[in-house]
Amino acid sequence: MDENGTGEQKRVEGTSIAWERKVRMRILVVDDSLSTRLMLVNCLVHWGYEPLTARDGEEGYEMVCRERIHMVITDWTMPKMDGLELCRKIRRTPLPSYVYTIILTARDSTGELVTAMEAGADDYLSKPFDKDELKARIRAGERILNLEKELEDRNRKLLSAYSTIREDLEAAARFQKHFLPQSDHHGISNFLFDWIFMPCRFVAGDTFNHMRLSERHLGFFLIDVAGHGVAASMLSFTLNKVLSSGELFSTPPAGATGDEACVEPAPSKVMEHLNRRFAADDETMQYFTMVCGVIDLRESLARVSVAGHPALIHLSPDGQYKLVGSGSFPVGLNPHAQFEEWVFPVMPGDRLFLYSDGVTECTGLADEPFSEERLITRLRQWKDLPLRKVMENLEQSLREWSCSAEFEDDITVLAVERMP
């Protein structure tokens, strides 16, 4: 007898130690009947849970707000606050985690069940209840809470990963903008440059720049890499770095010697070089459209080559305009592509506008694109305004047209003006 008693005591103590080693689910029993509370507490302890008790809905709600409660088992009919109102208040309260609720009641009609569920209860058990059935309902609730916890943990990890990715993309965007022209919009010789750059995401597939190639020549380009995101921005960054040094503009044709090696900067040759160097492969199929130009300061001539890109707009001071460049493959698609050049004079007051298709394809509320026609009309209307004001007006017009803080595609415009 003593041995059996001692053995039983050790078994109970061992079980208690096991309970303490794991985080037990805390279940709040809310019932105005002392006998019901005691009976439920004994069951919960025996099943391995940590019980807490409250005598009515008000006391129960205070404990839910104060304590870390995982589940509530509540009677329906109680003084001060009944089980339905307790469920409603729990659902309206922003608690740290979800609280699973089971209502116990002598009412067993379908209508009562619907009423309990609409009040926010997760489960419903009629009195008198079977202990094994209650245990099964609690175990089901526990599985749901475990799934909820797993989902919470995964969401927390996702948020942390998203935060890290966002920080990296913001750093990449700052790095990308560092290689664009500075924001002072200064002139080179008697030419003024200005621009709009509004990526649709953190990093852009569009890029542009202008640079002095020599005492006699200025170079400029605007590129739109197909696609969006990191892959497009990496190619965009690489192309900007390759072109902005100006070395590619003065590279002689392969095998050229003597006088052949001393050639005028030729945008079409720049295109051909890039087309060979950045040929799209079967895996990435990355390509880009482009406008590349050179201005001869001595002759006041512009040489322009266009590869699959919207035509350059050449606007005269009197509002007359010409579209320069059409056709040709984008760079990278056809290794044998040939790129044409257009040569034209740039007179005092003339303006050149290069832009990505994100400008003309920017959609309004009725899914109507901004369009090339509308762009030209606006630029002609603003022909007498300073170039900086033209860029400000155009940016505002595009934002108003899209009616959104974000664009579907990168918005990029590079403007060149020959000052009087």
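In this predicted model, L379 touches I313, L315, F353 and V390, leaving aside residues up to four places away in sequence, where contact means heavy atoms within 4.5 Å. L379 is found in helix α10 (residues 372–381); helices are DSSP runs of H or I with at least four residues, strands are runs of E with at least two, and both are numbered from the N terminus. At 3% relative accessibility, L379 counts as buried (under 20% relative accessible area, with exposed over 50% and partly exposed in between; 1.4 Å probe, protein chains only). The C-alpha atoms of L379 and L394 are separated by 8.1 Å, with the two residues 15 apart along the chain.

Turning to the cores, the largest nonpolar core has 25 residues, and F193, F220 and L312 have the most contacts inside it. Such a core is a set of buried Ala, Val, Leu, Ile, Met, Phe, Trp, Tyr and Cys residues joined through side-chain atoms within 4.5 Å. At least two residues of this core come from each of β7 (191–198), β9 (217–225), β10 (288–296), β11 (301–307), β15 (351–355) and β16 (411–418). The largest share, 4 residues, is supplied by β7. Another core, of 24 residues, lies apart from it and includes I196, C362, L387 and L394.

As for the helix pair, L239, V242 and L243 in α7 meet V270, L274 and R277 in α8. By class, this contact has 5 nonpolar, no polar and 1 charged residues (Ala, Val, Leu, Ile, Met, Phe, Trp, Tyr, Cys and Pro count as nonpolar, Asp, Glu, Lys and Arg as charged, and the others, Gly among them, as polar).

Residues are numbered from 1 along each chain as its sequence is written, and side-chain values use heavy atoms, with hydrogens and water left out. Because the model is predicted, local features need pLDDT of at least 70 and side-chain atom pairs count only at pLDDT 80 or more, while totals for chains, interfaces and linings use all residues.
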